[in-house]
Amino acid sequence: MQLDEQSGSRYVRPDTRGVGPIGDAQQRPLRVALVVEAAGGGVAVHLVDLIDGLAANGVEVHLIAPRGPRFDATILNADVLARCATVTRVPMQRSVSWRDMVALVHVFRALTRIKPDIVHAHSSKAGVLARLCFGAWKQVYTPHAVYTLNPYLARNARRFYGAIESQLGRTFSDRVIAVSADEAEHLRHELRIPSERISTIYNGVPEYARLPRAAARDALGLRADAFVVGVVGRLEFQKGIDRLVSLAERFSTESAGRLQFALIGGGDIRKAAGVEANRLPSALRYVGRVVDARRYFSAFDAFALPSRYEGFPYVYLEAMAARLPIVTTRVAGAETLVAGEGIGFVVANDDDMLEFEAALTMLLDDPRVCSRMAANCARAVERYSAQRMIAQTLNVYHAITAEPVR
């Protein structure tokens with residue numbers, strides 16, 4: 001295996017038995033190149049499960065990922081990378097600039113060397129670069145929250161990015177994978193990508209080990225007697241960290257210390273929340289970045305997601321697997337999973353957070369509601385498993401490789 005960097009801890013492979021083998025007619029394993037720019041957070045977790053599941057089903061996986069801090073080696077660790085036939089690190093940045101032409105050359109050279117059957121790009125930047133690399137391969141693209149879902153995007157920016165996504169989706173994509181029905185609807189009606197080019201595959205989560213509750217709370221510096229609400233995500237405007245601070249201010253005065261928020265995530269807390277870390281409300285415990293944060297979900301009594309927009313948050317699935325009631329703003333995936341499965345409350349996506357506060361107060365005051373939602377989580381887990389996600393992704397691969405070259 002070709003590998004540039006190795007680091008991290010052991011990752012337990014999800015059980016993918018029963019997913020189904022690669023087609024018998026092939027003379028060699030299906031060769032898939034995964035191209036990714038945002039190799040961190042939920043996208044990195046998705047890639048771990050995808051690499052694991054594809055490799056377990058005989059797919060030859062090649063990873064093309066960015067150099068530098070955008071690559072989270074604590075998630076995409078040595079054990080994960082060892083399952084790839086090759087790992088190529090290229091100079092790929094999130095912001096749009098002339099350097100994208102350099103990245104395009106590097107990606108094209110890597111694909112020319114690999115000669116994949118399928119190029120599967122993840123997130124917007126990688127989606128553009130990979131689909132501009134023309135070759136004898138099929139193109140699959142998973143946006144993980146297409147950028148034009150952002151309700152705060154300026155009109156000119158929306159037109160610009162929407163035109164790019166629309167043109168690439170209609171002309172240079174054999175399949176675009178939406179991670180929620182809301183995202184699929186946006187791709188179809190707002191970006192005018194033909195329905196036959198869109199597949200909806202919800203993210204899936206494997207069963208994973210969690211720390212004992214007391215040990216998890218002690219490690220995160222949380223009170224043993226508090227009702228703890230977990231919040232996990234990047235410290236960015238999109239994730240509504242400023243909204244969380246305003247909520248914590250209210251509960252600091254109104255709940256007499258009964259409720260405590262635990263915020264886990266990397267980034268600039270001052271920029272995201274508008275305050276210094278040492279000036280956070282007393283009800284908010286800022287933990288910082290934690291390796292494999294989902295192991296600590298046992299410390300929580302509930303989970304909160306105050307985001308402004310999402311594609312389909314992986315943390316929904318991780319909270320569900322931990323049997324945690326969820327309170328979330330109305331973002332893509334919320335109605336289908338949280339409301340549809342009865343595992344939490346979906347509230348207005350606005351900055352006053354009154355509905356959010358009321359929902360958390362109901363969970364705080366009524367343990368029966370928490371118990372009912374936890375039971376619903378247990379029933380819903382199988383429908384959102386990593387096995388199902390891998391099986392549906394393989395179905396897409398099989399379908400497009402059977403189609404004639406356009």
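Guide: A definition to start. A charge sits over a ring if NZ of Lys or CZ of Arg is within 6 Å of the ring centre and within 35 degrees of the ring normal. Keep in mind that this is a predicted model.

Visitor: OK. Which ring does the charged end of Arg131 sit over?
Guide: The ring of Tyr141. The distance to the ring centre is 3.8 Å.

Visitor: And what does Arg308 lie over?
Guide: The face of Phe237, 3.8 Å from the ring centre.

Visitor: Switching to ring pairs. How many aromatic pairs are there?
Guide: Eleven in the structure. One of them joins Phe160 and Tyr161, with centres 5.1 Å apart.

Visitor: What's the angle between the planes of Phe160 and Tyr161?
Guide: It is 75°, and the pair is edge-to-face. The cut-off for that label is over 60 degrees.

Visitor: Is Phe160 buried, partly exposed or exposed? And Tyr161?
Guide: Phe160 is partly exposed, at 45% relative accessible area. Tyr161 is also partly exposed, at 26%.

Visitor: What about Phe297 and Phe300, how are those rings arranged?
Guide: They form a tilted pair. The centres are 5.4 Å apart, with 50° between the planes.

Visitor: Are those two buried or exposed?
Guide: Phe297 is buried, with a relative accessible area of 1%. Phe300 counts as buried too, at 3%. Both get that label because the cut-off for buried is under 20%.

Visitor: Last one. Which residues do ring pairs link into a cluster?
Guide: Tyr202, Phe312, Tyr316 and Tyr384.

Conventions
Residues numbered from 1 in each chain as written. Predicted model: local features only at pLDDT ≥ 70, side-chain atom pairs only at ≥ 80, totals over all residues. Heavy atoms only, no water. Phe/Tyr/Trp six-rings, centres within 6.5 Å; stacked < 30°, edge-to-face > 60°. Buried < 20%, exposed > 50% of the residue type's maximum accessible area, 1.4 Å probe, protein only.
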